[in-house]
Amino acid sequence: MLDNLGNLQRTHSCGALRKDDVGKNVTLMGWVARRRDFGELTFIDLRDRDGLTQVVFNAENAPEAHAKAKDVRGEYVIAVVGQVVLRDDSARNPKLATGEVEVQTHELYIFNDARTLPFQLDASQDALASEDLRLKYRYLDLRRPQLQLNLKLRHRVVAEIRRYMDEQGFLEIETPNLIKSTPEGARDYIVPARIQPGKFFALPQSPQLFKQICMIAGLDKYFQIARCFRDEDLRADRQPEFSQLDVELSFASPEHVYALIEGLFARVFRLIGADLLVPFPRLSYAEVMQRYGSDKPDLRIQGMELRDLSPALEGTTFAPYASALATGGQVKGIVVDEGAGLSRKALDELQEFVRRYGASALGSIRLGDELSSSLLKALGADVVSTMARTAGAEKGDAVLIVAGKPKTVTASLGALRNEVARQLKRIPESVFAPLWATEFPMFEYHEDEGRYYAMHHPFTSPIDEDVLLFERAVNSGESELLGRIRAKAYDAVINGVEVAGGSIRIHRRDVQDIVFKALGMSKETARERFGFFLEALSYGTPPHGGIASGIERLM
């Protein structure tokens, strides 16, 4: 027979009791995490979201409750009423916050029973049930303390964000979720409009235009925790729906945004006891790509920066390198400190790794007691030694080399840098290395379509120094110049993860018209798709900018 809750009220959570509570009469409620039967004594670990408390049933002191406890099984939902007592010294559990005390129970209420679970909730990380099974029973998986800790931390992060933004004078403003489709870089989820057959709403990929309209409206400082939807292929850092901190402010330069977000991240990271050093280093897109082969480099990794090896290959007849250099390609490498001990098998595996990024092969030089290289036969010892010196390698090091188109070389070596550091365990744990990647290209060229697209979105402002060049590129038909235009766009990166991205926006109608023209959009098409926004730009739009940070990615 199950019991009713009635007017029974819990006095404490299962993670609250401490030594100072000894002698108190308490009522706890939760799930049975574990039951241990020792005849006259029965022990139950009672769990709720705040923790675990050991409760004891003694046949001598509370025979009815003790007898009832014999029927309790794992994940039963119960309440206990009893007195807090100090555990014997030998029975104290330093791993539990409540480990110094236990509850001597004199009443037991069973509110619900439970079937045998399809998997263990207390399994170690390497012994968890399959992800598919855990997702099928997600409500059970969420009972695991680790997942509940994650959700509690997320709550604390969002609460801290709101406190900080309020202190900085921002208004939290909600924007619509049923909107007209706008180009954001991914496909929209669409919702049929019931009262307008054949018409569809789109779910927002971001509140981009709405937050800019807030600036035009004179609201000055806006933020919200926005729900966003993107119909794109799943990846580890991409989800179809997610929450992001969305920020926009008027009369802002990039430095205003940097200072705002650095202060916010410093506050948020203190929640886990970490101190972020501010200000973050600022590196231009050109610099991070040249040095690290990635626009989100992991600065925890020491060294292994990309080195141009072409000076050592002047006049080479080795076909892969000669062909690459003759057609505007590159030959670059990274130096692996003390990497001369990399085995042939390890190098073969790394070669397969870079092929995923389009590289045709991975050359290697190992400076052990003797010079060893996959290139000796093709290039000779003198050229190989010159390549090693050009890379800055010393005895005991290895040089890993990729040749090809610039994008292929950059992507392959950037990914290889991370992979080698991971394999050699050269990425320190519990260290946070932030940076700002700045001045992204405004446009990127798509070879398959033979045209330029906006790298971020079409509302990003070019840097002031490039405006005249931009106007020339568009108005004079010199589209090849678009690849040289830099944008007031920036990403915050921590440990190789892009945790926030944004830009200063276009606030002038004439510049916005040029951007649409550069993207091949006629005036009629621009008016049809963005007429309301273009008109708004004509009514005194202030300079403004913003940024967005995915909550889950930040976690």
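**Ground rules.** I number residues from 1 along each chain as its sequence is written, and I use heavy atoms for side-chain values, leaving out hydrogens and water. Since the model is predicted, local features need pLDDT of at least 70 and side-chain atom pairs count only at pLDDT 80 or more, while totals for chains, interfaces and linings use all residues.

**Helix pair.** I looked up H9 (residues 344-355) and H12 (residues 406-423), and found an angle of about 140° with axes 9 Å apart. Axes here are lines fitted to C-alpha atoms, for helices over the stretch in contact, and angles run from 0 to 180 degrees between N-to-C directions. Helices are DSSP runs of H or I with at least four residues, strands are runs of E with at least two, and both are numbered from the N terminus.

**Contact.** From H9, I listed Leu350, Phe353 and Val354; they meet residues of H12 including Leu416, Glu419 and Val420. Contact means heavy atoms within 4.5 Å.

**Cis peptide.** I checked Val278 and Pro279 and found a cis peptide bond with omega of about 0°. Pro279 sits in the loop between helix H6 (254-270) and strand S11 (282-284).

**Positive phi.** Asp220, in the loop between H5 (208-216) and S9 (221-229), has phi near 75°. My other note is Ser430, not a glycine either, with phi of about 55°; its loop runs between H12 and strand S17 (434-438). Asp220 is partly exposed at 32% relative accessible area, whereas Ser430 is exposed at 73%. For these words, buried is under 20%, exposed over 50% and partly exposed in between, with a 1.4 Å probe and protein chains only.
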